Amino acid sequence: MGSPATATRSAPEIAQALQDTRVRTQGLVAGVADDDLEVVHSKLMSPLVWDLGHIAAFEDLWIAHRHGGLPLLRDDLMDVYDAFETPRAGRGELPFLRPNEAREFLDAVRERTLSLLETERADPFTYELVIRHELQHEETMMQTMALAQLPTGGIRRDPSPGGTGLETVAVRGGSYTLGAVQDGFAYDNERPQHEVELAPFEIGAVPVSNGAYRAFIADGGHERPGGWTEDLQREWRVDGLHELDPDAPVMHVSWYEAVTFAAAHEARLPTECEWEAAHQSEMLGGTGHVWEWTSSHFGGYPGFVAHPYREYSEVFFGDDYRVLRGSSWATSPRVAVPTFRNWDFPERRQIFNGFRIARDG
Ligand code: AVJ
Ligand code: FE
């Protein structure tokens with residue numbers, strides 16, 4: 001897990017962060033042929049070039065249009081790049097920009113962004129929103145690239161933390177203050193900061209390793225009833241496990257697999273409150289390798305207030321999603337703050353997700 005990003009304030013700092021982020025985006029796709037940018041590699045993911053156009057459209061909407069009061073650069077493209085209106089599955093058929101057009105669109109939007117930054121009093125929140133949005137889409141693109149077996153622009157997994165993930169550390173019960181402080185950038189779902197009362201618990205010293213997971217499968221773990229709901233096919237990640245580094249955290253496992261593994265080890269998943277409390281207690285090893293499933297559903301903290309980017313969190317609250325905590329090898333340190341909450345459907349495994357176990361203390 002990276003150190004929390006210091007709040008960006010001055011215009012030169014913002015310009016630098018925008019630039020660094022764009023260099024990272026361009027580095028990711030630099031070695032990808034135009035055909036591979038345009039094709040739908042997985043029905044779970046957008047074509048990579050859609051992400052590029054969407055990054056530009058989002059930046060123009062928030063900076064030049066909403067913050068600067070200018071008309072949109074490409075009003076005609078707003079529906080194509082509205083993630084909420086157009087689910088990923090249908091994006092292959094959209095009239096999105098071709099690779100060269102998307103690159104030009106990114107440049108044209110950025111030009112307006114930078115000139116606004118010089119002439120207007122910059123609102124750091126909006127710029128930070130745009131920077132982190134692009135960084136998050138970089139990870140989305142890396143998921144697509146991993147599925148398509150395309151190289152991820154020099155960004156690789158870190159060396160393994162070691163450990164099986166079956167060893168646990170004890171965390172004291174009591175009161176913990178969770179969520180993001182009032183100052184600085186945070187997503188609305190990280191606020192308000194609030195107190196929770198936790199019973200003592202144990203949590204995995206590191207995420208569960210490939211080796212421990214492989215032993216579980218070899219032992220017939222995937223024959224267990226597990227946490228599957230009836231409408232979901234039992235789908236286990238059993239192939240190719242022997243080719244993986246046994247000491248690396250297991251990756252691309254669904255929430256159901258994680259729950260079943262934990263139950264087989266007389267354990268459970270941590271709640272997201274437990275995860276954050278353990279992180280505060282400086283007990284968590286091996287963070288920053290994989291997103292870690294928790295048992296928690298995604299919802300608003302007590303007193304939740306949606307921020308102007310309403311579609312970021314609130315529309316996903318409810319029983320459909322599970323929260324993941326921490327960050328993966330593909331997450332920018334600027335995004336990977338300890339209060340950050342990620343979420344996905346429990347059957348999903350295309351993200352860089354693993355898990356650690358927990359037990360009542
Ligand atoms: C926080 C990773 C679940 O990809 O759906 C990007 C991030 N939101 N653009 C997602 C996001 C809008 C979001 N996750
Ligand atoms: Fe987005």
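**Close-up views of a predicted model**

**A pair within helix H5.** Arg132 and Glu128 lie four residues apart in helix H5, which means that about one helical turn separates them; helices and strands are DSSP runs, of H or I over at least four residues and of E over at least two, numbered from the N terminus. This is a predicted model, in which local features need pLDDT of at least 70, side-chain atom pairs count only at pLDDT 80 or more, and totals for chains, interfaces and linings use all residues. Residues are numbered from 1 along each chain as its sequence is written, chains are lettered from A and ligands numbered from 1 in the order in which they are written, and side-chain values use heavy atoms, without hydrogens and water. Arg132 and Glu128 form a salt bridge whose closest N and O atoms are 2.7 Å apart, the term requiring a side-chain nitrogen of Lys or Arg within 4 Å of a carboxyl oxygen of Asp or Glu. Both Arg132 and Glu128 are buried, that is, under 20% relative accessible area, where exposed is over 50% and partly exposed in between (1.4 Å probe, protein chains only).

**The course of helix H5 and the residue that follows.** Of the 24 residues in H5, 19 are buried, so that the helix is mostly covered. Gln149, which follows H5, has a positive phi near 55°.

Glu134 and Arg110 are joined by a salt bridge with closest N and O atoms 3.6 Å apart. Because Glu134 belongs to helix H5 and Arg110 to helix H4, this pair ties together parts that are 24 residues apart in sequence. Both partners count as buried, Glu134 at 1% relative accessibility and Arg110 at 8%. Salt bridges that share partners join Arg22, Glu59, Arg110 and Glu134 into one network.

**A salt bridge between a loop and helix H2.** Among the 19 salt bridges found in the whole structure, one joins the side chains of Arg98 and Glu38 at 2.5 Å, N to O. Arg98 lies in the loop between helix H3 (48–67) and helix H4 (99–119), whereas Glu38 lies in helix H2 (residues 34–38), so the pair ties together parts 60 residues apart in sequence. Arg98 is partly exposed, with a relative accessible area of 36%, and Glu38 is partly exposed as well, with 23%.

**The largest pocket and its lining.** The largest pocket has 43 lining residues, of which Ala83, Arg88, Arg91, His137 and Phe316 lie nearest its centre; a pocket is an open set of points on a 1 Å grid over the protein atoms alone, where a 1.4 Å probe fits, with protein on both sides within 12 Å along at least five of seven lines, and lining residues have an atom within 4 Å of a point. H3, H5 and strand E7 (342–344) each supply at least two residues of this lining.

**Local backbone geometry in three loops.** Arg191 and Pro192 are joined by a cis peptide bond with omega about -5°, and Pro192 lies in the loop between strand E2 (174–178) and strand E3 (194–198). His252, in the loop between helix H6 (210–218) and helix H7 (255–264), has a positive phi near 65° without being a glycine. Glu282, also not a glycine, has a positive phi of about 55°; Glu282 is placed in the loop between helix H8 (272–280) and strand E5 (291–297) and is exposed, with a relative accessible area of 73%.
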